[in-house]
Amino acid sequence: VSHPVFAWVFGRASVVLDRAGGQEHRRRLVAGLSGRVVEVGAGSGRNLVHYPPGVREVVAVEPEHRLREAAARAARTSPVPVTVVDGVAGALPVADAAFDAVVFSLVLCSVPDQSAALTEAHRVLRPGGRLRFYEHVVADRPGVLRRAQRLADATVWPTLFGGCHTGRDTLAAVAAAGFDLGPVDRFTFPRTPLAALFAPHVLGEAVRP
Ligand SMILES: C[S@@+](CC[C@H](N)C(=O)[O-])C[C@H]1O[C@@H](n2cnc3c(N)ncnc32)[C@H](O)[C@@H]1O
């Protein structure tokens, strides 16, 4: 996977967004996790510094080589042991039922097949394992924003932004993959009209039964 323009743009945009509140979302995303964790599509590794001490190991899977190199640098600042590896969400390079948690952060918008990615997450989690997600999603009610998301996704958006889609119903996909949805926070971020297409977010947990 190579998305040089997206990797450059996202690298800069994520610093700005994290300063504007994203960092706190990332901290909440991984708070309270423990044991072995797979982070899927780890990007430049912006969550790695937030893992709590109860985490024994993070396997950070990232297919884009520039972002993977950045994640390897970020891994050095993590308070927990991190291994950065090449791989894709639809074929995770790890064993069945070997992990206590799987983390998706702004990734289920970009994977080519959400169902395959979530089925893989289910495979690698032990029973009772936790799926944590922080994702931008489809607007929560029909209207202009949903129509604009549909139009963006059918035209230039995925090509411009590394396969990203603005209008996916990620919570429905998580439930359809066999997870029990836990507490989910819905919020708008960032709160600027310029970012409206990707502002509806969900942050929460689901459990592999
Ligand atoms: C918007 S970035 C988010 C990066 C990071 N998770 C974060 O929160 O900053 C989307 C990430 O998904 C990754 N990605 C795209 N397709 C993927 C796939 N099929 N499997 C795994 N990761 C993928 C991209 O390389 C990129 O790192």
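Predicted model: local features only at pLDDT ≥ 70, side-chain atom pairs only at ≥ 80, totals over all residues.
Visitor: How many helices and strands does the protein have, and which pattern do they follow along the sequence?
Guide: The secondary structure consists of 6 helices and 7 strands. Read along the sequence, these elements follow the pattern α-β-β-α-β-β-α-β-α-α-α-β-β.

Visitor: Why does the radius of gyration of the protein agree with that of a compact globule?
Guide: The C-alpha atoms fill a box of roughly 45 × 35 × 30 Å along the principal axes. For 209 residues, a compact globule would have a radius of gyration near 17 Å, and the value for the protein agrees with this, being 16 Å.

Visitor: What percentage of the residues counts as buried?
Guide: The accessible surface of the protein is about 9700 Å², and 59% of this surface belongs to carbon and sulfur atoms. A residue is called buried when its relative accessible area is under 20%. Of the 209 residues, the share that counts as buried is 48%.

Visitor: Which residues are the closest to the ligand?
Guide: The ligand is surrounded by 17 residues. By class, this shell holds 11 nonpolar, 3 polar and 3 charged residues. Helix H1, residues 4–30, supplies the largest share of the shell, with 3 residues. The closest residues are Arg26, Gly41, Glu62, Ala89 and Ser105.

Visitor: Where is the cis peptide bond from Phe189 to Pro190 found, and what is its omega?
Guide: Pro190 belongs to the loop between strand S6 (180–188) and strand S7 (200–207). The bond that leads from Phe189 to Pro190 is cis, with omega near -5°.

Visitor: What is the phi of Ala97, and is this residue buried or partly exposed?
Guide: Ala97 is situated in the loop between strand S3 (82–85) and strand S4 (99–105). Its phi is positive, near 50°, although the residue is not glycine. Because its relative accessibility is 37%, Ala97 counts as partly exposed.

Visitor: Why does Leu106 count as partly exposed?
Guide: Leu106 lies in the loop between S4 and helix H3 (114–124), and its phi is positive, about 60°, although it is not a glycine. The partly exposed class lies between the buried limit of 20% and the exposed limit of 50%. Leu106 therefore counts as partly exposed, its relative accessibility being 22%.

Visitor: What distance separates the C-alpha atoms of Ala148 and Thr166?
Guide: Ala148 is placed in helix H4, residues 144–154. With a relative accessibility of 30%, Ala148 counts as partly exposed. Thr166 stands 18 residues from Ala148 along the chain, and their C-alpha atoms are separated by 9.2 Å.

Note on methods. Residues numbered from 1 in each chain as written. Heavy atoms only, no water. Near = heavy atom within 4 Å. Helix = DSSP H or I, 4+ residues; strand = E, 2+ residues; numbered from the N terminus. Nonpolar A, V, L, I, M, F, W, Y, C, P; charged D, E, K, R; others polar. Rg over C-alpha atoms; globule rule 2.2 N^0.38 Å. Buried < 20%, exposed > 50% of the residue type's maximum accessible area, 1.4 Å probe, protein only. Areas by Shrake-Rupley, 256 points an atom, 1.4 Å probe, with all protein chains shown as cover.
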